[in-house]
Amino acid sequence: MKHSLEEAEEIYVKLTSGKILFILGVLIGIVAIAFIAVYIGAANLSVKEVFDTIVAKMFPFMGAESSKIATAIVWKARLPRIVMAIIAGAGLAVSGAAMQGTMKNPLVSPYTIGIVSAAAFGASIAMVLGAGLVGSGRYLVIMNAFLFGVLDAFLIYGIARIRGVTAETLILAGIALMFLFSGLTSFLQYVASEEELAAVVHWMFGSLCGTRWEDVYVAGAIFLSCLPLLMKYSWDLNAMALGDEIAITSGVDTTRVRIYSLVLATLITSGIICFTGIIAFVGIVAPHIVRLIIGGDHRFLLPCSCGLGALLLLVADTIGRTIVAPIIIPVGIIFSFIGVPFFLYLVLTKRKEYWR
Amino acid sequence: MKLKIKDVNFSYGSRPALESVTLSIKEGEIVSLVGPNGSGKTTLLKCINRILKLQKGTVLVEEKDISKLKLKELAKILSYVPQSVSHSLPSTVFEIVLIGRKPHLDWNVSSRDKEIVLNILSLMGLKEMVLRQSNELSGGEFQKVLIARALAQEPQVLLLDEPTSNLDLKHQLDVLNLITSIVKEKNIAAIMAMHDLNLASRFSDKMIFLNGGKIYDAGKPETVLTARNIRKVYGVEAIVNENAGYIHIIPIASVSEG
């Protein structure tokens, strides 16, 4: 049946070419916005200065010249922040996409199942009580946030195991823990001094201010090592979207996939928000938009969510940095301002619906 | 033998759902499981495909003990059409049927996989809607997509739970005819839970009456589909007719136990 083979290939190309175009478009968008973001800012640098500064450091043999001030602004202030925006957007979006897949619920994200509020509680302990396991000062906060984020995943698993690791038990355990940790954080805020309270509140805004290269390396290393492992489950997640019965009879060990992707998504999320504070909504918005546009095949959904999450967060942070410069609005706040209307627009105007 | 079930027991908590069920199915055979709600039809299917863990007894698919197989190995020889599936994360028809190829592929989709998917979709009359979203389909269309998905898995044993429950008259016949022709042509085996006794008798080589988790009677449709069995198992007084070569049941009245 030569004819049907060609036809099948044609249909498959029709199905996949749009998705490949989408990811290419998003990648080009990221590069373009990154260039704009590195150029604009409080200090007025010319395009040439910025360009030379980047070239001088990346390709020293080309002999481009750059001033010390320009180098400091571009390499110490702007670039780490931009790269962190990309990693954070990508990581939070892919974590959301993977969790939604394993739990068959388009509303689940690292925020809904309490990872973010657990991290906030960890950070608050460090800021209010000065207590923590590892590090001191800034690192005490970071390590606490990270460890509590991870702790949340273990608690969810521990609770869910009692009745069997299904989507429902994981979500219910996660939501319960989210409220628990939010309550605990509120308690700490209640007993905190003015100064401590300000620090906690500021942390919870979610901001990329003061991002250092070492933060970028750590968050990036965690993200890049977990992403391929998560991607490996793409086909399993596709089958799980049709329910556990079809997944199991397609050869998927659903419990294993749920636990592993929960752990991987938690590591990625905690590795990011321990540096940035609460940036949560991107984990629901980006995968949702991607689902609306390219559909639910996780082989494409996961990388496209990474790309779109990175793009959205980078745009939000660049706007936050410039809209009322020299004041910088934290990216978490800006994201809600532009992310929510954009998201609602898409949900309300696209014909596909999820809740049937 | 494609499928051998020996002395299978299963209980939900303390409530027994299956008690020493033993049966076997040859290649090219279609077997219907019939019986009232809660008689253990779905439970038996789920014990065969390992959604439920066997508590006692053995299940052999192609002479292999399923409890010793990896899930993926089992999925290469056995596929399942569940009663209902949620739409919470929709996908296109082609992509859903493609999931049937999952046990056979690692990451890349080969041209053979794509061809199998398309062939099955055209056999099922779904070719026009390959790019449609699953949540835009009618109940019957979606049920056919799920059957297509299970067939794309190219199983040796096909399990179906109420495969015609959402289908209209024409599609019931079409789908069961198609399943019959695939079973005979590829010499595989199918076992389906059915509510419609007329359809079950018409399309199966063997019928198994389940009652309270036990096999009450089993055999060729014309020998086991009797007014007595229907009365004992379903608690319904019925007339069994033969019309144009097909067995035809006319339920008369519900009767109390006994």
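Modeller: Gladly, and please keep in mind that this is a predicted model. A place to begin is chain B, where strand β4(B), residues 56-61, pairs with β5(B) in the antiparallel sense over 2 bridges. Within that pairing, V61(B) has K64(B) of β5(B) as its bridge partner.

Colleague: And which strands make up the sheet, in what order?

Modeller: The sheet is an open one of 4 strands in chain B, ordered β2-β1-β4-β5, with antiparallel pairing. Its edges are β2 (15-25) and β5 (64-65) of chain B, and because each has a single partner strand, one side of each is left without a neighbour in the sheet.

Colleague: Let's turn to the aromatic pairs, then. How many does a search of the whole structure find?

Modeller: Over all chains, the search finds 6 aromatic pairs. In one of them, W213(A) and Y217(A), the ring centres are 6.0 Å apart and the planes stand at 25°, so this pair is stacked. Both residues belong to helix α8 of chain A, residues 213-231, where they are 4 residues apart, about one turn of the helix. Ring pairs also link W75(A) with W213(A) and Y217(A) into a cluster.

Colleague: Is Y217(A) buried or exposed?

Modeller: Y217(A) counts as exposed, at 55% relative accessibility, while W213(A) is partly exposed with a relative accessible area of 24%. Another pair in chain A is Y233(A) with Y260(A), which is edge-to-face, at 6.5 Å centre to centre and with 75° between the planes.

Colleague: Where do those two tyrosines, Y233(A) and Y260(A), lie?

Modeller: Y233(A) lies in the loop between α8 and α9 (234-240) of chain A, and Y260(A) is in helix α11 of chain A, residues 254-276, so the pair ties together parts that are 27 residues apart in sequence. Y233(A) counts as buried at 8% relative accessibility, whereas Y260(A) is partly exposed at 42%. The ring of Y260(A) also has the charged end of R256(A) sitting over it, 4.8 Å from its centre.

Colleague: Changing topic: which residues touch the most other members in the largest nonpolar core?

Modeller: Those are W203(A), L308(A), F94(B), L121(B) and M124(B), in a core of 177 residues. Helix α3 of chain A, residues 68-102, gives the largest share of this core, 17 residues. Apart from this core lies another of 34 residues, among them V21(B), I51(B), L69(B) and A193(B).

Colleague: And what does L121(B) touch?

Modeller: Leaving aside residues up to four places away in sequence, L121(B) touches several residues of chain B, including V93(B), F94(B), V97(B) and A148(B).

Colleague: Last one: how many residues does the contact take from chain B and chain A?

Modeller: The contact takes 43 residues from chain B and 41 from chain A. The area buried between the two chains is about 3,800 Å², of which carbon and sulfur atoms give 65%. On the chain B side, L89(B), K102(B) and W107(B) lose the most area to chain A, together 20% of what that side buries.

How values were computed. Residues numbered from 1 in each chain as written. Chains lettered and ligands numbered in written order. Predicted model: local features only at pLDDT ≥ 70, side-chain atom pairs only at ≥ 80, totals over all residues. Heavy atoms only, no water. Core = buried A, V, L, I, M, F, W, Y, C linked by side-chain atoms within 4.5 Å. Buried < 20%, exposed > 50% of the residue type's maximum accessible area, 1.4 Å probe, protein only. Contact = heavy atoms within 4.5 Å. Pairing = 2+ DSSP bridges. Phe/Tyr/Trp six-rings, centres within 6.5 Å; stacked < 30°, edge-to-face > 60°. Lys NZ or Arg CZ within 6 Å of the ring centre and 35° of its normal. Buried area = accessible area lost by both parts, 1.4 Å probe.
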